[in-house]
Amino acid sequence: MSERPQPEQEVASTTSFELCVLAIDDTVEDLDLMGRHLERAPGLDAELLTAVSVEDAQRVLAGEKVDVVLCDYHLGAFKGPEVIARIRRSGFRGPVLMLTGRGGENVAAASFRAGAIDYLRKAQVSPAALGRTLRHAVEKHRLSQALEERNEELATTIEALTRQQKEMRQFHHVLSHELKTPLTATSEFIALVLDGLAGETTPEQRDYLAVAQRNCAAIQRNIDDILDASRIETGRLSVRREVCELDQLLERVVACLESRARAAGLVLALRRPERSTAALVNVDEHRIFQILTNLVSNAIKFTPRGGEVAVELEVDETEQLLHVSVRDSGRGIPPQELPLVFERGFQVQPEDATVKGGLGIGLYLCRQLARLHGGDIEASSEPETGSCFVLELPVHRAEPAEGTGGSRTASSQGPGGELQHTLGS
Amino acid sequence: MQRILIIEDDEDIARALQIRLEAAGFATTQVHDAVQAAPAVQQGSPDMILLDYSMPGGNGLEVARRIRALPEGRSIPITFLTAYREPGVRAAIEREGYHCIEKPYDSRELVGHIRDALTPGAEAS
């Protein structure tokens with residue numbers, strides 16, 4: 001849009017606009033008049049070609065590079081729209097300006113419908129008006145051409161991206177299968193030896209095998225995370241909701257990670273309100289477990305020996321929300337990095353060699369999964385004091401509304417997938 | 001001794017299953033493609049079938065349908081093993097009334113499931 005034609009005087013005083021104009025008119029006097037106007041048009045350096053009939057015009061167009069056609073509405077037996085159709089058939093793609101003797105609204109409308117870029121009444125034609133209209137026509141045509149080309153490019157790009165996305169999905173699908181099949185054999189043979197099915201093992205052997213087994217589990221988690229992230233991006237991640245008690249889920253998470261915390265020299269504490277009513281949520285238990293183990297594992301990873309990781313459940317009665325905070329006493333997240341932690345591919349500072357990286361999709365996945373459940377995760381941190389991640393989930397309301405109870409699958413894509421909109425961007 | 005037919009194209013996994021199940025007190029036979037599945041059911045008359053979902057020569061559901069069409073295979077419990085975690089795959093398997101165990105599998109869970117499925121009176125899957 002920066003290429004808008006400049007005011008006339010400026011153009012006239014600097015460079016002139018070079019154009020090859022084909023005027024088509026069966027009245028020779030009118031052609032002569034156009035010629036004189038063009039010569040005097042300010043700021044226009046026009047070369048005028050003329051034709052007195054459609055056939056004549058087609059011949060000229062076949063041999064010359066014409067920028068714009070100036071065409072009489074009545075040309076022998078033909079009217080404007082027909083003339084334009086014939087000119088187009090001979091391959092001319094540029095703008096056509098319609099000239100009319102006594103042009104009414106219907107002549108103008110018919111001209112535009114046939115693809116004319118503008119129209120002028122012969123009585124109004126002056127050198128300045130003609131010059132301005134021609135330049136405007138050529139410029140407008142050039143812009144709309146550019147826009148059309150851009151649109152085509154975009155359509156091609158969208159098509160390519162859609163195809164790529166589909167291929168990527170297929171690739172992830174196959175990749176997962178091809179990685180998990182050998183992983184299954186590997187972990188199971190390790191388990192067979194560990195379980196003593198290949199004879200007695202020494203404590204040292206069992207220790208080594210346990211390391212191998214733990215790493216197999218890590219590979220499996222990574223494969224699953226990659227697949228989940230890919231599904232979230234294509235809107236195909238589904239959750240199987242079931243009503244469950246969040247406190248019990250928390251107990252399981254803590255029980256599962258207690259030994260790891262102990263090994264890291266940390267205290268892993270669980271705090272929850274003293275109340276009899278259960279904290280009910282309607283969630284995919286497996287997914288919420290995944291979120292919480294991820295948050296607690298991170299907290300353990302980033303907290304030095306002697307520190308504490310606290311998991312706390314709070315109930316917001318007024319908002320009908322449950323908050324699970326996972327607080328560590330680690331060195332915190334620098335303020336400039338805090339807004340980035342949920343971005344896909346976020347990693348802790350690479351120069352920090354004390355902490356191993358990961359795929360950088362863990363927290364991204366956690367937040368997306370929480371949002372799929374109508375919740376969210378927020379992070380806060382104070383350098384050198386610790387970080388706190390809060391998972392927020394809506395309380396399950398036990399009204400007997402349709403489909404709120406029991407187990408069922410909700411897909412972020414399929415019909416009835418009410419979760420679709422929550423994934424947005 | 002109860003007989004379990006393992007239909008699994010990955011021979012390493014089939015072997016691991018064989019070792020695990022035999023240690024748990026079952027007799028096993030194994031075939032490694034979809035084509036051999038039906039003859040193995042007719043000849044071996046197994047008490048239970050572990051079936052890999054994706055195999056050369058036909059997907060597992062197709063194989064299960066062929067087994068169900070046999071007079072010998074009409075009521076044998078069939079449990080699927082799959083490395084695909086696509087919800088669509090799992091849903092398709094469960095829609096046809098089969099149990100589905102994901103690979104890598106937990107062997108305790110697998111053995112427990114087999115015992116349950118073979119317990120008289122328990123609901124066959």
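Author: A word before we start: a contact here means heavy atoms within 4.5 Å. Please also keep in mind that the model is predicted.

Reader: Thanks! Among contacts in chain B with a separation of 6 or more, what share comes from residues 24 or more positions apart?

Author: Chain B has 125 residues, and 51% of them are buried. Among its contacts with a separation of 6 or more, the share from residues 24 or more positions apart is 61%.

Reader: And what is the corresponding share in chain A, for residues at least 24 apart among contacts at least 6 apart in sequence?

Author: Chain A has 425 residues, 43% of which count as buried. Its secondary structure comprises 11 helices and 15 strands. Taking contacts between residues at least 6 apart in sequence, those joining residues at least 24 apart come to 72%.

Reader: In what pattern do the elements of chain B follow one another along the sequence?

Author: Chain B contains 5 helices and 5 strands. Read along the sequence, they give the pattern β-α-β-α-β-α-β-α-β-α.

Reader: Leaving aside neighbours within four places in sequence, which residues is I288(A) in contact with?

Author: With neighbours within four places set aside, its partners are L246(A), L249(A), V283(A), H373(A), L391(A) and L393(A).

Reader: Is H286(A) buried or partly exposed?

Author: H286(A) has its place in helix α9 of chain A. Its C-alpha atom and that of R241(A), 45 residues apart along the chain, are separated by 9.5 Å. Buried would require under 20% relative accessible area. Because the relative accessibility of H286(A) is 47%, the residue counts as partly exposed.

Reader: Which residues of α1(B) meet α6(A)?

Author: The crossing of α6(A) past α1(B) is left-handed. By class, this contact has 7 nonpolar, 2 polar and 4 charged residues. From α6(A) come T181(A), T184(A), A185(A), E188(A), F189(A), A191(A) and L192(A), and facing them in α1(B) are D12(B), I13(B), R15(B), A16(B), I19(B) and R20(B).

Reader: What orientation do α1(B) and α5(B) have to each other?

Author: Helix α5 runs over residues 107–118 of chain B, and its axis comes within 11 Å of that of α1(B), crossing at roughly 60°. The crossing is right-handed. Since roughly parallel needs under 35 degrees and roughly perpendicular starts at 65, α1(B) and α5(B) are oblique.

Reader: How many nonpolar residues does the contact of α1(B) with α5(B) have?

Author: L17(B), R20(B) and L21(B) in α1(B) meet S107(B), L110(B), V111(B) and I114(B) in α5(B). By class, there are 1 polar and 1 charged residues, while the nonpolar ones number 5.

Reader: Which residue of chain B is D224(A) in contact with?

Author: D224(A) lies in helix α7, residues 203–233 of chain A. At 11% relative accessibility, D224(A) counts as buried. Neighbours within four places aside, its contacts are K180(A) and, from chain B, R85(B).

Reader: What is the relative accessibility of T82(B)?

Author: T82(B) lies in strand β4, residues 78–82 of chain B. Beyond four places in sequence, T82(B) touches Y53(B), V89(B), I93(B), C100(B), I101(B), E102(B) and K103(B). T82(B) counts as buried, with a relative accessibility of 2%.

Reader: Last one: how far apart in space are P394(A) and G374(A), C-alpha to C-alpha?

Author: P394(A) lies in strand β14, residues 386–394 of chain A, and counts as partly exposed at 30% relative accessibility. Its contacts beyond four places in sequence include V281(A), Q320(A), H373(A) and G374(A). P394(A) and G374(A) are 20 residues apart in sequence, and their C-alpha separation is 6.8 Å.

Note on methods: Residues numbered from 1 in each chain as written. Chains lettered and ligands numbered in written order. Predicted model: local features only at pLDDT ≥ 70, side-chain atom pairs only at ≥ 80, totals over all residues. Heavy atoms only, no water. Left-handed = near helix turned anticlockwise from the far one by under 90°. Helix = DSSP H or I, 4+ residues; strand = E, 2+ residues; numbered from the N terminus. Nonpolar A, V, L, I, M, F, W, Y, C, P; charged D, E, K, R; others polar. Buried < 20%, exposed > 50% of the residue type's maximum accessible area, 1.4 Å probe, protein only. Axes fitted to C-alpha atoms, helices over the stretch in contact; angles between N-to-C directions. Parallel < 35°, antiparallel > 145°, perpendicular 65-115°, else oblique.
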